[in-house]
Amino acid sequence: MAKKKILFINQEISPYVADNNLSIMGRELPKAMQDLGHEIRTFMPKWGTINERRGQLHEVQRLSGMNLIIDDTDHPLIIKVASIQSARVAVYFIDNEDYFSKRQMTTDELGQDYPDNGERAIFFARGVLETVKKLRWVPDVIQCQGWMSAVVPFYVKTAYADEPSYASTKVVTSLFKKNVQKELGTKFKQCLPFRDAKAELLAPYNDNFDFLELGKMAIDYSDGVIQAQSEVNDNLMQYARDKGLPLLPYTEDFAAIYEDFYENL
């Protein structure tokens with residue numbers, strides 16, 4: 001197959017967070033595609049649980065400095081980078097003091113979902129897409145892994161649809177078992193509109209987004225869906241089937257099969 005430029009937008013990547021299905025795939029899938037000769041870029045949030053010194057993260061000054069406006073408030077975008085030596089994969093981190101560096105991941109110290117998780121996902125999505133533009137790198141495929149990346153398909157196909165960086169990009173959403181437990185907050189739906197990502201496009205979804213609504217929106221604006229674990233939400237799997245999208249069932253031997261899936265989109 002022709003070699004592609006593949007952008008991986010990950011919620012979690014091992015070893016920066018604890019090993020689980022999502023974080024291991026966040027590391028292994030980009031590595032596998034790179035080993036097959038594809039050009040990759042990999043992004044994740046700079047969660048406050050990440051030890052920057054141990055992970056050897058450093059800020060990329062030329063990419064940082066932009067402010068993203070969410071809910072009429074400016075939020076500075078900071079970009080950091082590190083390398084997973086064992087996998088030979090560079091990772092870009094989206095950072096912001098309010099949303100990431102002073103927080104844990106999905107839940108706080110008491111195990112409760114952060115009430116502004118939805119706004120954090122919006123910041124992450126826009127942060128990645130703006131940074132890739134700055135890199136002057138045009139992905140053929142965007143692979144979204146984890147609920148934190150679920151806003152990306154919506155923005156790629158609406159707000160960024162006319163951008164040269166994304167005009168011909170195919171978007172793939174992987175479904176995992178791990179999800180937010182609570183709704184994403186009453187402000188999420190009102191904070192989503194941006195450029196051509198118009199408010200009226202959100203009419204089919206409930207006002208109080210939970211992980212099902214978020215998953216449906218990601219599927220609606222994706223070109224393909226992957227079942228990334230043996231057990232994922234049945235409702236979302238059926239929703240993808242009903243949409244008639246290319247759907248890749250769970251497979252343990254993923255490298256060549258994922259490659260073929262990307263090629264056939």
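**Figure 1. The lining of the largest cavity, residue by residue.** In this predicted model, the lining of the largest cavity divides into ten nonpolar residues, eight polar ones and one charged one. The space inside comes to about 170 Å³. Of the 19 lining residues, those closest to the centre of the cavity are Gly 146, Trp 147, Ser 174, Leu 175 and Asn 179. Three elements, β8, β9 and α7, each give two or more residues to this lining. Helix α7 supplies the largest share, with four residues.

**Figure 2. Strand β9 and its partners.** Here we look at β9, which spans residues 170-175. Five of its six residues are buried, so the strand is largely enclosed by the rest of the structure. Strand β8 (residues 141-145) runs parallel to β9, and five bridges join the two. In this pairing, Val 141 stands opposite Lys 170 of β9. Strand β10 also runs parallel to β9, joined to it by four bridges. Thr 173 stands opposite Val 225 in β10. As a reminder while you follow the side chains, those of a regular strand alternate between the two faces of the sheet.

**Figure 3. Gln 227 in strand β10.** This view moves to β10 (residues 224-227), the strand in which Gln 227 is found. Gln 227 has a relative accessible area of 13%, and because values under 20% count as buried, Gln 227 is classed as buried. A polar atom of the Gln 227 side chain lies 3.2 Å from the backbone oxygen of Ser 230. Leaving aside neighbours within four places in sequence, Gln 227 is in contact with Leu 175, Val 232, Met 237, Leu 248, Pro 249 and Tyr 250.

**Figure 4. Phe 211 in helix α7.** Phe 211 lies in α7, the helix that gives four residues to the lining of the largest cavity. With a relative accessibility of 22%, Phe 211 counts as partly exposed. Not counting residues up to four places away in sequence, Phe 211 touches Asn 179, Val 180 and Asn 233. For a handy distance to check on screen, the C-alpha atoms of Phe 211 and Leu 236 are separated by 9.8 Å, with the two residues 25 apart along the chain.

**Figure 5. Backbone geometry worth a second look.** Most residues other than glycine have a negative phi, and most peptide bonds are trans. This view gathers some exceptions. The peptide bond from Ser 14 to Pro 15 is cis, with omega near 20°. Pro 15 sits in the loop between β1 (5-10) and α1 (21-35). Gln 56, a residue other than glycine, has a positive phi near 60°. Gln 56 belongs to the loop between α2 (52-55) and β3 (58-59), and at 60% relative accessibility this residue counts as exposed. Arg 195 is not a glycine either, yet its phi is positive at about 55°. The place of Arg 195 is in the loop between α6 (188-191) and α7 (211-220). Arg 195 counts as partly exposed, at 38% relative accessibility.

Definitions and conventions
Residues numbered from 1 in each chain as written. Predicted model: local features only at pLDDT ≥ 70, side-chain atom pairs only at ≥ 80, totals over all residues. Heavy atoms only, no water. Buried < 20%, exposed > 50% of the residue type's maximum accessible area, 1.4 Å probe, protein only. Polar contact = N/O pair within 3.5 Å; in protein donor to acceptor, adjacent residues only side chain to side chain. Contact = heavy atoms within 4.5 Å. Pairing = 2+ DSSP bridges. 1 Å grid on protein atoms, 1.4 Å probe; cavity = no way out; pocket = protein on both sides within 12 Å on 5 of 7 lines; lining within 4 Å. Points joined across faces, edges and corners; volume = space filled by probe spheres on them. Nonpolar A, V, L, I, M, F, W, Y, C, P; charged D, E, K, R; others polar.
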